[in-house]
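Hi,

Here's the structure I said I'd pass along. Have a look first, and my notes follow below.

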Amino acid sequence: MADTDIFLKPLRGEPPAAFANFTAYCELGPDIRTIRKAVEITGGKLDTAEKQAQRWKWQARAAEHDAHQVRIQFQAIKSQREHQQREKIAAFRNEQERRAHAMGDLADLMMDLTAEKLQAMRAAGELPSEQQIANLAKTVASLADMAMNLKATALGVDDLVEALEAELDTEAG
């Protein structure tokens, strides 16, 4: 949406003095807008400005201007919220990616430690029990599974963001 306010342009045939009064009237804002205050700003005459207001439909034009300003503000807020949501999603995705790497690193470390422990036991002539081997394998598998699930979540977030952006682009177009 363009920021150009088509409602703050003179109407065909509207004299510059009348348009100056209207601009002052309009820019006062809906809460304090009066013809008297507009004339105080421009230095014009009240009775002349009242006639101008009638002839050049100041109230209707000002209402259109106000509605236009609200639309601009709404769009700005909407864009800001979309940006904030994208940042939150990106932060969540990055955290999931970080966790996936940490869990993958932990799984790798556990596999290395397990291999070292088994080699040390074998060198000492000891054999681990089947229960010990099963527990170690289960722990390593669980860590690797968690890492894969976290990575899948991060990738799923990427897919979700792409789908949402495509939908937002379609709505905007």
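Let me start with the salt bridge between Glu95 and Arg98, where the closest N and O atoms are 2.6 Å apart. Bear in mind that this is a predicted model. Both residues sit in helix α4, three residues apart, or about one turn of the helix. Glu95 also has a salt bridge to Arg99, at 3.2 Å from N to O, and that pair is four residues apart in helix α4, again about one turn. Through shared partners, Glu95, Arg98 and Arg99 end up in one network. As for accessibility, Glu95 is partly exposed at 28%, Arg98 comes in at 47% and is partly exposed, and Arg99 is partly exposed too, at 40%.

The structure has five salt bridges. Another of them pairs Glu97 with Arg93, with 3.3 Å between the closest N and O atoms. Here both residues are buried. They are about one helical turn apart because four residues separate them in helix α4.

Next, the second largest pocket. It holds about 150 Å³ of space, and α4 (58-123) and α5 (130-172) are the elements that each give two or more residues to its lining. That lining has four nonpolar, one polar and three charged residues; among them are Glu82, Arg86, Ile89 and Leu168.

Last one: Asn21, in helix α1 (residues 16-27). Asn21 counts as buried because its relative accessibility is 6%, under the 20% cut-off. Its side chain makes a 2.7 Å polar contact with that of Gln52. Leaving out residues up to four places away in sequence, Asn21 touches Ala38, Thr42, Ala49, Gln52 and Trp58.

Cheers

Conventions. Residues are numbered from 1 along each chain as its sequence is written. This is a predicted model: local features need pLDDT of at least 70, side-chain atom pairs count only at pLDDT 80 or more; totals for chains, interfaces and linings use all residues. Side-chain values use heavy atoms; hydrogens and water are left out. Buried means under 20% relative accessible area, exposed over 50%, partly exposed in between (1.4 Å probe, protein chains only). A polar contact is a pair of N or O atoms within 3.5 Å; within protein, one must be able to donate a hydrogen and the other to accept it, and residues adjacent in sequence count only if both atoms are side-chain atoms. Contact means heavy atoms within 4.5 Å. On a 1 Å grid over the protein atoms alone, a cavity is a set of points where a 1.4 Å probe fits but cannot get out, and a pocket is an open set with protein on both sides within 12 Å along at least five of seven lines; lining residues have an atom within 4 Å of a point. Grid points are joined across faces, edges and corners, and a volume is the space filled by probe spheres set on the points. Ala, Val, Leu, Ile, Met, Phe, Trp, Tyr, Cys and Pro count as nonpolar, Asp, Glu, Lys and Arg as charged, and the others, Gly among them, as polar. A salt bridge is a side-chain nitrogen of Lys or Arg within 4 Å of a carboxyl oxygen of Asp or Glu.
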